[in-house]
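Please read the following explanation with the sequence and the coordinates open side by side.

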Amino acid sequence: MGSDFYQQSILPYAGIIIKICRAYTHSQEDFDDYYQEVCLQIWRSKGSFNAGSQWSTWVYKVALNVCLTNLKQRKQGEKHFVSDALPDEVQDDLKAFNSDDINVLYNAIKHLSEIDRAVILLYLEEKSYSEIAEIIGANTNSIGVRITRIKERLNKFINAQE
């Protein structure tokens with residue numbers, strides 16, 4: 001993967017890639033693997049990008065698909081790759097996750113279904129309902145109701161932990 005492509009097409013979206021990978025992993029090693037695989041898959045499939053949608057929307061889709069696929073493979077016991085260390089720029093972004101409040105939220109998010117995790121992460125990224133629907137392949141009208149229900153479940157989980 002060329003460094004120009006990484007700098008221009010992946011690094012600006014590292015924040016959301018980190019958030020999505022973190023929501024679907026339980027260890028630093030798994031996180032590192034997922035992050036590397038997402039970046040690699042973005043690079044490999046860049047030719048299939050549909051210019052009719054935004055690059056950021058496509059990056060979200062790729063990241064979610066990679067994480068969900070890896071999660072399924074790990075549940076089935078398939079072998080998985082081992083990654084190299086993450087770039088320094090990504091390590092710096094990870095420091096933002098050292099907050100206790102953020103850790104409580106991510107712990108709660110990890111208790112949601114795989115699709116609900118994707119929905120709430122996109123909502124937290126201030127994506128519109130139509131963008132969320134496009135990314136996860138759902139009906140736009142159902143997204144608002146789904147988000148309300150997810151928020152209620154997260155609040156109940158967090159309040160039960162206190």
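The model is predicted. Its protein chain contains nine helices and zero strands, so the order of elements from the N terminus on reads α-α-α-α-α-α-α-α-α. Of the 162 residues in the protein chain, 43% are buried. The chain exposes about 9,000 Å², and 46% of that area is supplied by carbon and sulfur atoms. Contacts give a view of how the chain folds back on itself: among those between residues at least 6 apart in sequence, 69% join residues at least 24 apart.

The largest nonpolar core has 48 residues, and the members that touch the most other members are Ile17, Ile20, Tyr24, Tyr35, Ile42 and Ile136. At least two residues of this core come from each of helix H1 (3-10), H2, helix H3 (28-44), helix H4 (55-75), helix H6 (100-109), H7, H8 and H9. H4 provides the largest share, eleven residues.

Leaving aside residues up to four places away in sequence, Ile136 touches Leu64, Ile115, Ala118, Val119, Leu122 and Ile143. With the same exclusion of residues up to four places away, Val119 touches Ile132, Ile136, Arg146, Ile147 and Ile150. The C-alpha atoms of Val119 and Tyr129 are 9.3 Å apart in space, while the two residues are ten apart in sequence.

The charged side chains remain. Side chains of opposite charge can pair when their charged atoms come close. How many salt bridges does a search of the whole structure find? The search finds four.

One of them joins Glu125 and Lys19, with 2.4 Å between the closest N and O atoms. This pair links distant parts of the chain, 106 residues apart: Glu125 sits in the loop between helix H7 (114-124) and helix H8 (129-136), and Lys19 sits in helix H2 (residues 14-23). Glu125 has 23% relative accessibility and is partly exposed. Lys19 is partly exposed as well, at 26%.

Another salt bridge is formed by Arg153 and Asp116, whose closest N and O atoms are 2.2 Å apart. Because Arg153 lies in helix H9 (residues 140-161) and Asp116 in helix H7, this pair ties together parts that are 37 residues apart in sequence. Are the two partners buried or exposed, or in between? Arg153, at 37% relative accessibility, counts as partly exposed, whereas Asp116, with a relative accessible area of 8%, is buried. Asp116 also belongs to a network: salt bridges that share partners join Asp116, Arg146 and Arg153.

Definitions and conventions
Residues are numbered from 1 along each chain as its sequence is written. This is a predicted model: local features need pLDDT of at least 70, side-chain atom pairs count only at pLDDT 80 or more; totals for chains, interfaces and linings use all residues. Side-chain values use heavy atoms; hydrogens and water are left out. A salt bridge is a side-chain nitrogen of Lys or Arg within 4 Å of a carboxyl oxygen of Asp or Glu. Helices (H or I, at least four residues) and strands (E, at least two) are DSSP runs, numbered from the N terminus. Buried means under 20% relative accessible area, exposed over 50%, partly exposed in between (1.4 Å probe, protein chains only). Contact means heavy atoms within 4.5 Å. Accessible areas come from the Shrake-Rupley method with a 1.4 Å probe; for residues, only the protein chains shown count as cover. A nonpolar core is a set of buried Ala, Val, Leu, Ile, Met, Phe, Trp, Tyr and Cys residues joined through side-chain atoms within 4.5 Å.
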